[in-house]
Amino acid sequence: MACMSACLLSVSAQVNQILGDWKTVDDKTGEHRSVVHIYKATDGLYYGKIAQLLVGDPEAQCVKCEGADHNKPVVGLVIIRGMKYDADKNQLYGGQVLDPESGKFYYGKITPKDGTLILRGSLDKRGFLGRNQTWVRN
């Protein structure tokens, strides 16, 4: 029983490295663009929503998004959707990431590294065709 509690605490501590508020960093300019809040939902999956825009119009809408997200305010928009936690790799995976600038969804993977998060967005599930962004704790 004590071992099970210790293991659960260890997993909780690992996933806590990912949860919370993160500043997104433009991978081309290095500019901090927004704050994303990553959380675990009641369905047991992980999501992230834009909590604040650091550049541009704070009342911007997702004009290039489709469906229910079309013309939604960017602040409050859920951009990380339906990810699962892999305790062995200490990462979130398997969900989708929305780029509000293009309105496109990508396969996503999020891994903590040296106090930052590495977000990998890709066109394929394996992550070969894509790019990384490094986010910093807010």
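This briefing covers the strand architecture, an aromatic pair and a surface patch. The model is predicted, so local features need pLDDT of at least 70 and side-chain atom pairs count only at pLDDT 80 or more, while totals for chains, interfaces and linings use all residues. Residues are numbered from 1 along each chain as its sequence is written, and side-chain values use heavy atoms, without hydrogens and water.

**Barrel**
- A closed barrel of 8 strands runs in the order β1-β2-β3-β4-β5-β6-β7-β8 with antiparallel pairing; strands are DSSP E runs of at least two residues, numbered from the N terminus, and two of them pair if DSSP finds at least two bridges between them.
- From one strand to the next, the twist averages 35°, with axes fitted to C-alpha atoms and angles running from 0 to 180 degrees between N-to-C directions.
- β7 and β8 run antiparallel and are joined by 7 bridges.
- Thr116 has Val136 in β8 as its bridge partner.

**Aromatic pairs**
- There are 2 aromatic pairs, counted when ring centres of Phe, Tyr or Trp (its six-membered ring) lie within 6.5 Å.
- Tyr39 and Tyr47 are stacked, because their ring centres are 6.1 Å apart and their planes lie at 25°; stacked means planes under 30 degrees apart.
- Tyr39 is partly exposed at 24% relative accessible area, whereas Tyr47 is buried at 16% (buried is under 20%, exposed over 50%, partly exposed in between; 1.4 Å probe, protein chains only).

**Surface patch**
- Leu123, Phe128 and Leu129 form a nonpolar surface patch with about 380 Å² of accessible area together; patch residues have over 30% relative accessible area and no salt bridge, and nonpolar side chains are joined within 5 Å.
- Phe128 lies in the loop between β7 (116-122) and β8 (130-137) and is exposed, with a relative accessible area of 62%.

Conventions
Phe/Tyr/Trp six-rings, centres within 6.5 Å; stacked < 30°, edge-to-face > 60°. Patch = residues over 30% accessible without salt bridge, like charges linked within 9 Å, V, L, I, M, F, W, Y side chains within 5 Å. Areas by Shrake-Rupley, 256 points an atom, 1.4 Å probe, with all protein chains shown as cover. Salt bridge = Lys/Arg side-chain N within 4 Å of Asp/Glu carboxyl O. Helix = DSSP H or I, 4+ residues; strand = E, 2+ residues; numbered from the N terminus.
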